[in-house]
Amino acid sequence: MAYYTLIASLPHLPPHFDVPRPPITRLRLEQRLSMLRDDDAKTLQQLSDFLAWDRQPTDQTDEQVVRRYEQLRRRILHPLVWEIVEHRINLRTIVAALRRRRSGEGPPAGVGPLVEPIRRHWQEPQFGMRPRYPWIENFNEQMLVGNAVEAERILFECTWEFRRRMAANFTFSFEAVLLYLARWSIVDRWTSRSIEAGRARFDQLIEETLGDYATLKF
């Protein structure tokens, strides 16, 4: 399939995630993505399933996270999808470690490449990871003062920048489609947090559904 046709049909994503509403609704996006051939659609569904799981609260047990990680490891074969998954798993591992240390517990018993480094550097303020993850200190400060919104924004920012840098390496390819969905999901999650933004998204949905009729006055 010509990825050019699909990608050219998608509106540009904003330069930053904290906008009033996504540039395209979920319904319209799913319609456009239906242009993919079967094998690509299967890979895209794996990413979509992970993004849906990732929207769930982060207070899952270590056993639940380990079980999910192992399932993903067996199913996901596309290297770029796995890179997206592993980045989010790493963030979850760091957040879990900070919470456990704050509550006086030991290092997390989760999975992923950061578990062992965190154990080795458990006594250090940012687990010795400040050069690679400079946001940890600010995130931890926001957690300590109870500013959950700002703490979550920091995680959104980190994830957005990671995926934005990856997307810069692809143009009209399947990888570009995957990264479009991955970045769109961040905008969708962020805008879903606000009632006002939710109203704007509803208006957009009505406009897309009714077209010019949406502007008629009765």
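Reader: What does V85 touch, leaving aside residues up to four places away in sequence?
Author: In this predicted model, V85 touches F50, L72 and I76. Contact here means heavy atoms within 4.5 Å. V85 itself is found in helix 5.

Reader: Why is V85 called buried?
Author: A residue is buried when its relative accessible area is under 20%. V85 has 0% relative accessibility, so V85 counts as buried.

Reader: How far apart are the C-alpha atoms of V85 and D54?
Author: They are separated by 9.1 Å, while the two residues are 31 residues apart along the chain.

Reader: What makes the pair of D54 and R92 a salt bridge?
Author: The cut-off is 4 Å between a side-chain nitrogen of Lys or Arg and a carboxyl oxygen of Asp or Glu. For D54 and R92 the N to O value is 3.1 Å, and their side chains meet in a salt bridge. This pair links distant parts of the chain, with D54 in helix 3 (residues 38-54) and R92 in helix 5, 38 residues apart.

Reader: Are D54 and R92 buried or exposed?
Author: D54 has 3% relative accessibility and therefore counts as buried. R92 is buried too, with a relative accessible area of 10%; the limit is under 20%.

Reader: How many salt bridges does the structure hold?
Author: The structure holds twelve salt bridges. One of them joins R26 and D188, whose closest N and O atoms are 2.9 Å apart. R26 lies in helix 2 and D188 in helix 9, and the two are 162 residues apart.

Reader: Why is R26 called partly exposed, and why is D188 called buried?
Author: Partly exposed is the range between buried, under 20%, and exposed, over 50%. R26 has a relative accessible area of 38%, so R26 is partly exposed. D188 has 2%, so D188 is buried.

Reader: Why is helix 2 called roughly antiparallel to helix 9?
Author: Angles over 145 degrees count as roughly antiparallel. The axes of helix 2 (residues 26-33) and helix 9 (residues 174-191) cross at roughly 170° and come within 12 Å. That angle makes helix 2 roughly antiparallel to helix 9.

Reader: Which residues make this contact of helix 2 and helix 9?
Author: Helix 2 contributes R26, L29 and L33, and helix 9 contributes V177, Y180, L181, W184 and D188. By class, the contact of helix 2 with helix 9 has six nonpolar, no polar and two charged residues.

Reader: How do you know that the buried residues of helix 7 are on the same side?
Author: The buried residues of helix 7 (residues 136-144) are I136, F139, Q142 and M143. They cover an arc of only 130° around the axis, which puts them on the same side of helix 7. These buried residues pack against helix 5 (79-102) and helix 8 (148-167). Just after helix 7, G146 takes a positive phi of about 80°.

Reader: Why are E161 and R164 said to be separated by about one helical turn?
Author: E161 and R164 are three residues apart in helix 8, so about one helical turn separates them. An α-helix has 3.6 residues a turn, so residues three or four places apart point the same way. The side chains of E161 and R164 meet in a salt bridge at 2.7 Å, N to O. R164 has 36% relative accessibility and therefore counts as partly exposed.

Reader: Which residues do salt bridges that share partners join into one network?
Author: D54, R88, R92 and R189 are joined into one network.

Note on methods:
Residues numbered from 1 in each chain as written. Predicted model: local features only at pLDDT ≥ 70, side-chain atom pairs only at ≥ 80, totals over all residues. Heavy atoms only, no water. Axes fitted to C-alpha atoms, helices over the stretch in contact; angles between N-to-C directions. Helix = DSSP H or I, 4+ residues; strand = E, 2+ residues; numbered from the N terminus. Parallel < 35°, antiparallel > 145°, perpendicular 65-115°, else oblique. Nonpolar A, V, L, I, M, F, W, Y, C, P; charged D, E, K, R; others polar. Buried < 20%, exposed > 50% of the residue type's maximum accessible area, 1.4 Å probe, protein only. Arc of directions from axis to C-beta.
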